[in-house]
Amino acid sequence: MHIGNLKLANPVISAPMSGISDKAFRLLAEEAGCGLVCTEMVSVNALAYDSERTKFMFDLAGEKGPTSVQIFGSDPVKMAAAAQIVRNAGAAVVDINMGCPAPKVVKNMEGCRLMTDLPLARKIMEAVVKSVDIPVTVKMRKGWDEHSVNAVELARLAEKSGVAAVTVHGRTRDQFYSGKADWNIIAEVKNAVKIPVIGNGDIKEAKDALAMMRQTGCDAVMIGRGALGNPWLFRQTVHLLETGEVLPRPDLHDRFKMIVRHLKMVASFKGENRAVREMRKHIAWYLKGLRDAARVRQAVNQARTVDGIIEILEEYKKFLRQFTPCS
Ligand SMILES: Cc1cc2nc3c(=O)[nH]c(=O)nc-3n(C[C@H](O)[C@H](O)[C@H](O)COP(=O)(O)O)c2cc1C
């Protein structure tokens, strides 16, 4: 699978997720074998202020890549300038966000709101494509709402504007993250354009990726929420697509080892205080479905240090071992 002149080792892509796909998460996705890893969305307005926090969102030091840096905004000139900045920071791909449904984003004519103004969307795509020598991609939804489904039209426009691939999340902006993703729209876009189409929405298990590819003909899959607390999903998907085999789920030992590694990585990149706060949600996802997880989540939420969290996890592991002595 190619995106422009970039060859991906496989068609499994980790999704851009604000507040989630930071450097630690990207390294885990990369280690799990993803063919392409995406950053969180980066505001082109925030970029103008040159803040350390914003710059760190696309600091790719130590990452093997290839990495796609996603930018969002509504001003073609600023978008083009931002694309150059992220390209110079080592991005292999620049992705334009046309799918974010958040009110604070769409009210500024950014994210999914661009699907309601195709002339502006076109200006942005053309400006960004012209400004960089790396492939430019666009991530979109099905449309703004059920009355204005226009992913096919936007994808055609993207192709004409020189965009190298499009990602389609099969929900409208109105749906936010509710309901089921409509994979038919991915198939419709695939039939309408020659550039690669990346399918996205509701891949929760490796077999869902295979089903999406078969049902829609998409060239690659993008996985978001399914990998929360479950970075193994990337490896399982790559493996299933390559061999047809289903890898086993990680055992208790591997789960806890991963949590501690993830925690320590975030602490090393962002400092202990941020790590303790930001890892709460990740730990909740990692522990989902385990016996007595609510009690442990509460304890983790009270913890103030990395060592404190590790101690809670060690105790919990011992507790769980009583019930699953072999793992
Ligand atoms: C917490 C969270 C943050 C997200 N942030 C972004 C983002 O920054 N840029 C983007 O294009 N999509 C973002 N998304 C959407 C995902 O990339 C993806 O399109 C969506 O979750 C559907 O895929 P999934 O069913 O595999 O999760 C976000 C989703 C979640 C759950």
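A residue is buried if 20 or more other C-beta atoms lie within 10 Å of its own, exposed if 12 or fewer, and partly exposed in between, with C-beta atoms placed from the backbone. The model is predicted: local features need pLDDT of at least 70, side-chain atom pairs count only at pLDDT 80 or more, and totals for chains, interfaces and linings use all residues. Residue numbers start from 1 along each chain as its sequence is written.

**View 1. Leu47 in helix H2.** Leu47 sits in helix H2 (residues 44–49). Helices (H or I, at least four residues) and strands (E, at least two) are DSSP runs, numbered from the N terminus. Leu47 counts as buried because it has 21 C-beta neighbours inside 10 Å. Contact means that the C-beta atoms of two residues, placed from the backbone, lie within 7 Å. Neighbours within four places in sequence aside, Leu47 contacts Val42, Thr54, Ala82 and Ile85. Val86 is 39 residues from Leu47 in sequence, yet their C-alpha atoms are 9.8 Å apart.

View 2. Strand S7 spans residues 136–143. Eight of its eight residues are buried, so S7 is largely enclosed by the rest of the structure. Two strands pair if DSSP finds at least two bridges between them. Strand S6 (residues 93–98) runs parallel to S7, joined by five bridges. Met98 has Met140 of S7 as its bridge partner. Strand S8 (residues 165–172) also runs parallel to S7, with six bridges. Here Thr137 stands opposite Ala165 of S8.

**View 3. The largest nonpolar core.** A nonpolar core is a set of buried Ala, Val, Leu, Ile, Met, Phe, Trp, Tyr and Cys residues joined through C-beta atoms within 7 Å. The largest one holds 96 residues. Ile71, Val94, Val128, Val166 and Val221 touch the most other members. Domain 1 (2–243) and domain 2 (252–321) both contribute residues, so the core lies between them. Beyond four places in sequence, the contacts of Val221 include Pro11, Ile13, Ile198 and Met213.

**View 4. Where the domains meet.** The bounds of domain 1 and domain 2 come from an automatic or database domain assignment. Their C-alpha centres are 29 Å apart. Seven residues of domain 1 contact nine of domain 2. The domain 1 side has five nonpolar, one polar and one charged residues. Ala, Val, Leu, Ile, Met, Phe, Trp, Tyr, Cys and Pro count as nonpolar, Asp, Glu, Lys and Arg as charged, and the others, Gly among them, as polar.

**View 5. The ligand shell.** The ligand is surrounded by 22 residues, each with its C-beta atom, placed from the backbone, within 6 Å. Ala15, Ser18, Met41, Gly224 and Arg225 are the closest. By class, the shell has eight nonpolar, 10 polar and four charged residues.
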